[in-house]
Structure formats: structure tokens, C-alpha cells
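Reader: I would like to go through this structure and ask what stands behind each label. Please set the values against the definitions.

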Amino acid sequence: MADVARVAGVSHQTVSRVLNGAPHVRPDTRDRVLAAIRELDYRPNSAARALVTRRSQTLGVVSFGSALYGPASMLDSIEQAARSAGYFVSVASLRSLDSRSVQEAVDRLRDQGVEGVVVLAPQISAVSAVAKLTTTVPVVAIGSGSRSRVPMVAVDNEAGALAATRHLLDLGHATVHHIAGPAGWLETTTRQDGWRKALEAAGARVPAVLTGDWSSRSGYEAGLRIAEDPQVSAVFCANDHMALGLLRALHESGRAIPEDVSVVGFDDIPEAAYFTPPLTTVRQGFGELGRRALELLVAELGGGGGASPSHALVSPEMVLRRSTGPAAQR
């Protein structure tokens, strides 16, 4: 910084004011300082600055299942929101969300000097892991359920499943079958709850649940079983990838969509509009999730946390396409 001041012909304090964007610096003086910075290829020492300000401007993220569309999209939305708020992001990706793994990941991030941590908690085991965390930095969870003991933001999965199931019932289908996600995931439980509540409220029969693992392959295998029953006219899948597998199984079995069977997914992945036929689905606002999570974390960093954790639910949106239609007259 002293070298920049010498080349620009200004004081050390003036260089500091320019670097920090302070007002009351004459435009020509600011231009000389910036030119000297470019000439010397000067870069502020972030480690030294952090020692002085006690601010690293870095947030940690504990991620899980980032190869899946949902967690990957949430991670991307968090990084974008953090960048907009002036923060860098350091990511710890885990294979398991047990208490020990989550605690070790948070400890590693703290060693890197992060100011706060966002935990992607899509599994039921993560709720307990987050509740048991011992840390001096603020923590916000994404998708950890309404009973989370830390500030939390999540998609209202139950409301989305209710809307999907009601849409099919409103089209005249006597009942709606369901391909659920794997056990141990909060999305599996809450989406199944919404589906069941919609059927029970309508007085419709509640069929046995088929279970997948979020993959298109598992949706295809469940779809082969569904295609064997000519009475099935509507199916709600817990995610779009399983819906894709179901669509293929129905096509191969000679079942027309939506003339014979209507299908609804969940997520609204980018490819959903290009399925055959384009998929009716429930859209999650991943960008909104990231923004709300960062807002909660920044509020905690600023001492804005109250006596009880802040819980924020993001409302999903039905996206109507051509994979659903009126029930056929039987």
C-alpha cells in the first residue's frame, strides 16, 4: 500500500479510503490511485484485513447429495446470493449427515475463519445433527423441518404436494397414486403427507405408496408396476426424474399420456418442459431459498436473531403442462 501511495503521490490514508470506497476523495486523486494499483498489480491482503477487521467476508456451506438436482440447485442459489451480499463461500460436501460428520465439517469451516454456516439438511438425520451442533458461529439450515432448533428456510413441500394432488382430483380422477422418494428424506415425508391429506380431504381412496430413490430408473421400475393396473389414471411423483422414468414405462406399455394416465412431478427441472409430453410439475424457488437463507444468516451475524429461531417457508408453484388432463370416462 505504501508503494501505491508513493507512485500515486498521495498518502497511505488516501489509498486506504479509495480501497474502501470512502467518499470525499477527489475524482482525479481516485483515478491516480487506481492507476497505480493497476501498474503495481496490487492486491489487498485479505488475511491481514481479516485480522484487523475480524471479518473474513466468508460463509461456510455444509452440503449433501450435491449430485442431485435439488441440493445442487440450492448450493448454486446460496453461492449467488452470497456473492450479491459481498461474501465468498467455502463448501464442505459430506457423504453422510450424521452428527459427527456435520460437527466435523462445521469445525473445519470455522478453522477457515468463516463468519457463519448454512447447512443443507434434506434428511431427517440432519435435523438431529444440526440440533446437536456446538459452535460459536451462527448457523442457518435449509430444509430441516418446522421443528428445527436453528433458523431455517425450506420449501413448503406439503403445500406443493397438496396442490399437485388436488389438481389431479379436480380433473375428475377418482384417486391419485404416488411414487415417493426414499426413506429418511424430509421431502419424502412431507410430500407424501400432502398427497395423503388431499386424498383424505376429498374422501378419495388412498392407494399403496410405491417408493423410488429419486432416480429416473426407479421411476421407470415403479412405472412398469403401475402400467399393469388399468384402473390407474393419475400419478403424483415426488420428483421430476422419477416422473421421467414413469413416462417411459407408460409409453412402452401403450398407455397414452394424459389420455389414459395423467402425471405430475415435483421440482420443475430445466428439462421438464421438454419431456414427452411436457411435464406438469411443482416448481421450487431455489433462488428464493438461497436468498432467504442468506438473509437469515446475515441477520444472525448482525445480532438480529430473536429468542426463538426464525422459520421461513417458501411457497411452491404449480406449473401446468400437457402431461395432465381430464379423467377418461370409464
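Author: D267 is found in the loop between β9 and β10. This is a predicted model, in which local features need pLDDT of at least 70, side-chain atom pairs count only at pLDDT 80 or more, and totals for chains, interfaces and linings use all residues. Residues are numbered from 1 along each chain as its sequence is written, and side-chain values use heavy atoms, with hydrogens and water left out.

Reader: What makes a stretch a helix or a strand here?

Author: Helices are DSSP runs of H or I with at least four residues, strands are runs of E with at least two, and both are numbered from the N terminus. By that rule the protein chain has twelve helices and twelve strands.

Reader: Why is D267 called buried?

Author: Buried means under 20% relative accessible area, exposed means over 50%, and partly exposed lies in between, with a 1.4 Å probe and protein chains only. D267 has 6% relative accessibility, so D267 counts as buried. Its phi is also positive, about 130°, although D267 is not a glycine.

Reader: Which value of phi does W214 have, and why is W214 called buried?

Author: Phi of W214 is near 80°, again a positive value in a residue other than glycine. The relative accessibility of W214 is 9%, therefore W214 counts as buried. W214 sits in the loop between β7 (210-211) and α10 (216-227).

Reader: How do you know that the peptide bond from I257 to P258 is cis?

Author: Its omega is near 10°. P258 belongs to the loop between α11 (240-252) and β9 (262-264). Another cis peptide bond joins T276 and P277, with omega about -5°. P277 is placed in the loop between β9 and β10 (281-283).

Reader: What makes two strands a pair, and which order do the strands of the open sheet have?

Author: Two strands pair if DSSP finds at least two bridges between them. The open sheet has four strands in the order β7-β6-β8-β9, with parallel pairing. β7 and β9 each have a single partner strand, so they stand at the edges and one side of each is left without a neighbour in the sheet.

Reader: How many bridges join β6 to β8, and how many join β6 to β7?

Author: Three bridges join β6 to β8, and these strands run parallel. Within that pair, H178 stands opposite F236 in β8, and I179 stands opposite C237. β6 and β7 pair in the parallel sense over two bridges; in β7, T211 is the bridge partner of A180.

Reader: What links β8 to β9?

Author: Strand β8 (residues 234-237) pairs with β9 in the parallel sense over three bridges. A234 stands opposite S262 in β9, and F236 has V264 as its bridge partner there.

Reader: How do you know that both faces of β8 are covered?

Author: A234 and F236 on one side and V235 and C237 on the other are all buried. In strand β6 (residues 177-180), H177 and I179 point one way and H178 and A180 the other way, and all are buried as well.

Reader: Why is A141 called buried, and which residues does A141 touch?

Author: The relative accessible area of A141 is 0%, so A141 is buried by the same cut-off. A141 lies in strand β4 (residues 139-142). Contact means heavy atoms within 4.5 Å. Not counting residues up to four places away in sequence, A141 touches V119, V130, V150, P151, M152 and V153. A141 and S90 are 51 residues apart in sequence and 16 Å apart in space, C-alpha to C-alpha.

Reader: How does the radius of gyration of the protein chain stand against a compact globule, and what box do the C-alpha atoms fill?

Author: The radius is taken over C-alpha atoms, and the globule rule is 2.2 Å times the number of residues to the power 0.38. For 330 residues a compact globule would have a value near 20 Å, but the protein chain has 25 Å. Taken along the principal axes, the C-alpha atoms fill a box of roughly 90 × 40 × 30 Å.

Reader: What percentage of the 330 residues counts as buried, and what percentage of contacts joins residues at least 24 apart?

Author: Of the 330 residues, 48% count as buried. Among contacts between residues at least 6 apart in sequence, 72% join residues at least 24 apart.
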